[in-house]
Amino acid sequence: MASRFRNLSTYVAQRLVSFLETMSKRYMRQVTLVKNSVKIEINGEAGQHPEKDQSVQDLEATEEILQMILGTLNAVLYSQLSNNPNLVYALLYKKEILDIFKNNSTFSDLTYNIATIVGHFSKSLSQNDEVLAVEQIFEFIKVGAQEFSKDRLKVLSELKFRYVEEKHPEEFFLPYIWYLVYQTTELYWCPSSIRLFSSEKQECDT
């Protein structure tokens with residue numbers, strides 16, 4: 001779906017990049033926590049460290065979120081670069097975020113195209129002797145996107161997401177389904193006898 005995003009608004013583009021920045025900072029903090037936990041073990045402090053296990057889980061969860069964000073940005077820029085100048089502008093404005101992933105093999109494939117595009121426009125703008133207004137920069141991006149060759153980019157593999165089911169999904173779905181039955185059909189149950197979900201009425205009709 002991301003490969004079909006066209007004409008993302010300024011607000012949406014900024015929020016996507018802002019989300020990437022927030023998660024990137026969280027990722028770096030979590031990497032530091034995990035490294036510190038490893039140092040404690042190496043220094044010989046015996047015993048269980050549940051906080052380490054939690055830190056590792058948090059780090060893995062953040063990695064998955066970052067891969068999703070970067071994969072989305074990657075797909076948009078690879079397939080719809082010329083139709084999303086707002087996204088290019090937002091990434092140029094926050095281009096230092098990509099430095100976090102520069103030497104990280106976990107994200108290298110996902111950031112290659114993004115870094116290539118951002119680097120291209122950043123270099124082109126820096127070679128311009130004039131101080132450009134925001135409108136001029138947007139026009140520069142629009143023209144440059146039309147001329148940019150996709151041969152410089154890596155071919156994208158299809159984005160895939162894994163659905164992970166909760167351990168006990170019936171705890172949500174069964175009460176919810178019966179609630180819908182109760183609310184939308186003409187079948188009658190005495191409210192005071194219902195145990196799966198709460199009912200507004202507490203007394204049976206006579």
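Good morning. I begin with Lys94, which counts as partly exposed because its relative accessibility is 27% (buried means under 20% relative accessible area, exposed over 50%, and partly exposed in between, with a 1.4 Å probe and protein chains only). Residues are numbered from 1 along each chain as its sequence is written. The model is predicted: local features need pLDDT of at least 70, side-chain atom pairs count only at pLDDT 80 or more, and totals for chains, interfaces and linings use all residues, while side-chain values use heavy atoms, without hydrogens and water.

What does Lys94 form with Glu21? The two form a salt bridge, with 3.5 Å between their closest N and O atoms (a side-chain nitrogen of Lys or Arg within 4 Å of a carboxyl oxygen of Asp or Glu). This pair links distant parts of the chain, 73 residues apart: Lys94 is in the loop between α3 and α4, and Glu21 is in helix α1, residues 10–42 (helices are DSSP runs, H or I, of at least four residues, numbered from the N terminus). Glu21 is buried, because its relative accessible area is 16%.

I turn now to a second pair. Asp109 and Lys154 also meet in a salt bridge, at 3.5 Å from N to O. Asp109 lies in helix α4 and Lys154 in the loop between α5 and α6, so the pair ties together parts 45 residues apart in sequence. Asp109 is exposed, at 55% relative accessible area, whereas Lys154 is partly exposed, at 37%.

Key:
Helix = DSSP H or I, 4+ residues; strand = E, 2+ residues; numbered from the N terminus.
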